[in-house]
Amino acid sequence: MAPYETSRTTEEADDVGTGRRKVTRYVVPVAVAGVAAATIGLVPALADSGDPDLPKITAEELVEKIAASDTEQLSGSVKISTDLGIPALGGAVSSLAPGGEGGDSSADPESRLMELASGTHTLRVAADGPEKQKLSIVDDTSEYSLIRNGEDVWAYDSGSDEAFHAEAGKEARGKGKPEKLPEGAPSTPKEFAQEALKAVDDTTAVTVDGTAKVAGRDAYQLVIKPKQSGSTIGSIRIAVDAENGVPLKFTLNPSSGGKAAIDAGFTDVDFAKPEGKTFDFKPNKGTKVTEADEAAKEHKGQRPEGPEDLEGLKGLEGMNVIGKGWSSIASFDTGASMPKSGSGSEDVPPEADKLLSALGDQVKGDFGTGTVFSTRLVNALITDDGKVYAGAVDKASLVKAANAAK
């Protein structure tokens, strides 16, 4: 059956070497949370009441409308609510950074954007093409902003009066590669749509399920559902602007039911060109400024930059994918034994031990014994001998995959 269903047509150390080994033993559970956080990049949600009367459209036509959207100018407010079933990540994630709690700069996007992996946040966003973009996380007493203006990327934390500066696409310039904000930050609406389109294959049902008002805009509702059993994702609902094809609403519902795991979207939006001063930034006198290049040199060899830099995780280079579509499972061998949660081992930092205890569920099978770390979206089975099976699938599917691979 084709993925488009037409039955309905309207709708996450003292010694450097030791420290790195410690990190590798608990980086996977945090990474699992990070995968879910990255999903937020699909953004926006929050629908108003009222269902507008719009011309009929098929699912295939609506997907084509998203793909054809060339809107790159907008400004507005976004509300993101994330309930992944994981503890607050602030302390656990920042403790991974060189320099201790909070890393060297509270403005470093690497840790700050992970805050979006839990709780409810209000954002202000603006874009004027690929070289002018701004995202601000607004709290009661402070604001954190990530700004791209030409070749400069600035991040500023008003609470600590610290700034972080980098050059956008420095390695990519001259190589014909696009320049973007750091991974995890919003990009153009078209890129949001492209993420949604990745699910459209023969393992996916796509329908139009009525209309909605989102941030005062008329929108069609596109619904994406897995056809396969065992997925932790029940459905994805995307409200698509009826006029320009921009995604306005993104809601991910887990197959386990309950409230949405991710509900993110515009509360107000304007597709006019933002004022140029929106993207201007100059640090105040006295603001502590951290340069990305200098920070990278200072911590070279301390912060893992890829699988090849993670002791005990070299098996990532030989990662296999079991199955396809929504039921696919990534498998690799870390080559290191896994500490049991709650063991109180000196090799496991307190923050990591707390995370392991909160998420870990001991399981047994033909493969031996292991621990399943669970969120509402992504689960990972780590066997006691260091093999990892991870995916947006339930516990039974992970155990089955581990048994079959024995």
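This is a predicted model: local features need pLDDT of at least 70, side-chain atom pairs count only at pLDDT 80 or more; totals for chains, interfaces and linings use all residues.
Local features need pLDDT of at least 70 and side-chain atom pairs count only at pLDDT 80 or more, while totals for chains, interfaces and linings use all residues. Residues are numbered from 1 along each chain as its sequence is written, and side-chain values use heavy atoms, with hydrogens and water left out.

**View A. Strand 1 and its partners, strand 2 and strand 11.** Helices (H or I, at least four residues) and strands (E, at least two) are DSSP runs numbered from the N terminus. Strand 1 (residues 73–82) has seven of its ten residues buried, so it is largely enclosed by the rest of the structure. Buried means under 20% relative accessible area, exposed over 50%, and partly exposed in between (1.4 Å probe, protein chains only). Two strands pair if DSSP finds at least two bridges between them. Strand 1 pairs with strand 2 (residues 119–128) in the antiparallel sense over ten bridges, and serine 75 stands opposite alanine 126. With strand 11 (residues 262–270) the antiparallel pairing runs over eight bridges; here valine 78 faces phenylalanine 266.

View B. Four bridges join strand 14 to strand 18, and aspartate 333 stands opposite lysine 387 in strand 18.

**View C. Buried and exposed residues of helix 8.** In helix 8 (residues 395–405), Leu398, Val399, Ala401 and Ala402 are buried. On the other side, Ala396, Lys400 and Ala404 are exposed.
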